Amino acid sequence: MNNQQRSFFFNVDWVTVFIYLALCVIGWFNIRAAVYDESHSSLIDMSTEYGKQFIYIVSALVIGTVILLLESRFLSALAPAFYIVTVILLFIVLIAGHNVGGNQAWIDMGGGFRLQPSEFAKFATCLLLARYLSATNVKVTDPKSFLIAGGIILLPMMLIKLQPDDGSTLVFCSLIFVLYREGLSVYFLIVIGLLATLFVSALLINVWYIIIAIIAAAVLLLLMFSRNRKFATGLIIAAILSIGFVFCVKPLYYHGLKPHQRVRIDEVLGLSKDLRGVGYNQNQSKIAIGSGRIWGKGYLQGTQTKYSFVPAQSTDFIFCTVGEEWGFAGSVVVLGLYLFLLLRIIMIAERQRAPFSRIYGYGVASIIFCHVVINIAMAIGYMPVIGIPLPFISYGGSSLWSFTILLFILLKLDSNRMGMIYA
């Protein structure tokens, strides 16, 4: 047995592979429950979504196996090529893409199959970002390096935004955590968090109350750190900018966002209530999840699921099927698997000798984390509906394949971590 075979059989993190397989199987069964048709009861009936998902899972396993058999350096060397190809596909989809649900995000491949380039742009961006940040003399704290890294992330983001696919666009923002891991100041994340808090607060609370709170907090901090002139100056500037931002929130909200985006945010924030219109999907999803209680109604016994009350239940709202038929207990199992997977990915990233592999690992963790949080928050009414799949569980070939590639590239890099020192 040569070194390549030995690496494949003994160095692969099989715990992660098992979690991946468990999530794929859970998704397959829940897709069947979401669109179940008694006249097509077979799990591998190719005329159904669950039959097609079986093919997607099998082909994903083939893709994963091929990746594990590749040479690790091949993945790093071709990172720019992968990125360029996906960017070209994102341009093509804007010109000749197939429109589904208001998003021109698909390329029609014939035979009823459609490819979604934005899904594959995620792993390609992670690869190129890892290659750039792992290069010699590149530091995130250096303005030039930060701008180039930001440009790598922003280019696919802007093209995806033009489709427009707000969900996938938002996912790329999660890569800020990769930059943070590589040296970006924690103050950068704090500023983003504060701006988000001020933005939401300005929509819910009288602006003058927020301004009084900002001034009071600034005065208190000035009294506590009055001897630190540099801190005091920075604090005064931050307070002035915060007050200015608060005044800009509503003009930005009402003139910068499209009407359908505003009504979805209004629904989540409680500024409006339209259970038969824009709030219908989320309301039905919450009813389905709540009706499952502790142990659920049982497999294929969900009434909300069976009578198709929830639109897009096999894709964006697949989690409500889990909640209704498997209850709180089943939901905890699914969330536990995701938590275990994320912790495992971070552990894998931290044990890498090559900076390229470590950076890529954090990219994988960031994207999967963002998908899971947004999808489930959307299903339970804590985020606007923006159309984003639940990794490995939602129906769809592009989504499953892209997440498989994303994860198995990391598994391949990890299997060769003792030999791959330089990216």
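A salt bridge, as the term is used in these legends, is a side-chain nitrogen of Lys or Arg lying within 4 Å of a carboxyl oxygen of Asp or Glu. The model is a predicted one, in which local features need pLDDT of at least 70 and side-chain atom pairs count only at pLDDT 80 or more, while totals for chains, interfaces and linings use all residues. Residues are numbered from 1 along each chain as its sequence is written, and side-chain values use heavy atoms, with hydrogens and water left out.

**View 1. The salt bridge between E350 and R181.** The closest N and O atoms of E350 and R181 are 3.0 Å apart. E350 belongs to helix 16 and R181 to helix 9 (residues 176-181), so this pair ties together parts that are 169 residues apart in sequence; helices (H or I, at least four residues) and strands (E, at least two) are DSSP runs, numbered from the N terminus. E350 is partly exposed at 39% relative accessibility, and R181 is partly exposed at 30%, where buried means under 20% relative accessible area, exposed means over 50%, and partly exposed is in between (1.4 Å probe, protein chains only).

**View 2. The salt bridge between D13 and R351.** By the rule given above, the count comes to eight salt bridges. In one of them the side chains of D13 and R351 meet at 3.0 Å, N to O. This pair links distant parts of the chain, 338 residues apart, with D13 in the loop between helix 1 (3-10) and helix 2 (14-34), and R351 in the loop between helix 16 (318-350) and helix 17 (355-379). D13 is buried, with a relative accessible area of 5%, whereas R351, with 28%, is partly exposed.

**View 3. The salt bridge between K161 and D166.** The side chains of K161 and D166 meet at 2.6 Å, N to O. K161 counts as partly exposed at 38% relative accessibility, and D166 counts as partly exposed at 22%. Side chains of opposite charge can pair when their charged atoms come close.

**View 4. Helix 13 and its buried residues.** Helix 13 spans residues 259-269, and within this helix Q261, R262, D266 and E267 are buried. The buried residues of helix 13 pack against helix 7 (143-161), helix 8 (166-172) and helix 12 (229-256). Helix 13 is followed by G270, whose phi is positive, near 80°.

**View 5. P384 and its contacts.** P384 is found in the loop between helix 17 and helix 18 (397-415), and this residue is buried, with a relative accessible area of 18%. Leaving aside neighbours within four places in sequence, P384 is in contact (heavy atoms within 4.5 Å) with R264, I265, V268, Q282 and M378. The C-alpha atoms of P384 and I374, which are ten residues apart along the chain, are separated by 9.0 Å.

**View 6. The largest nonpolar core.** A nonpolar core is a set of buried Ala, Val, Leu, Ile, Met, Phe, Trp, Tyr and Cys residues joined through side-chain atoms within 4.5 Å. The largest one has 95 residues, and those with the most contacts inside it are L133, Y360, I368 and F392. Helix 17 gives the most to this core, with 14 residues. Apart from it lies another core, of 14 residues, among them L198, A202, I243 and Y253. Not counting residues up to four places away in sequence, L133 touches V138, V140, A149, V178, L179, E182 and I359.

**View 7. The pairing of helix 5 with helix 6.** The axes of helix 5 (residues 79-96) and helix 6 (residues 117-133) come within 8 Å and cross at roughly 150°; axes are lines fitted to C-alpha atoms, for helices over the stretch in contact, and angles run from 0 to 180 degrees between N-to-C directions. Among the residues that make the contact are F82, Y83 and L89 of helix 5, together with F120, F123 and R131 of helix 6.

**View 8. I107 and its surroundings.** I107 lies in strand 2 (residues 103-110) and, at 15% relative accessibility, counts as buried. Not counting residues up to four places away in sequence, I107 touches L89, I92, V93, F113, R114, L115 and P117. The C-alpha atoms of I107 and I92, 15 residues apart along the chain, are separated by 8.2 Å.
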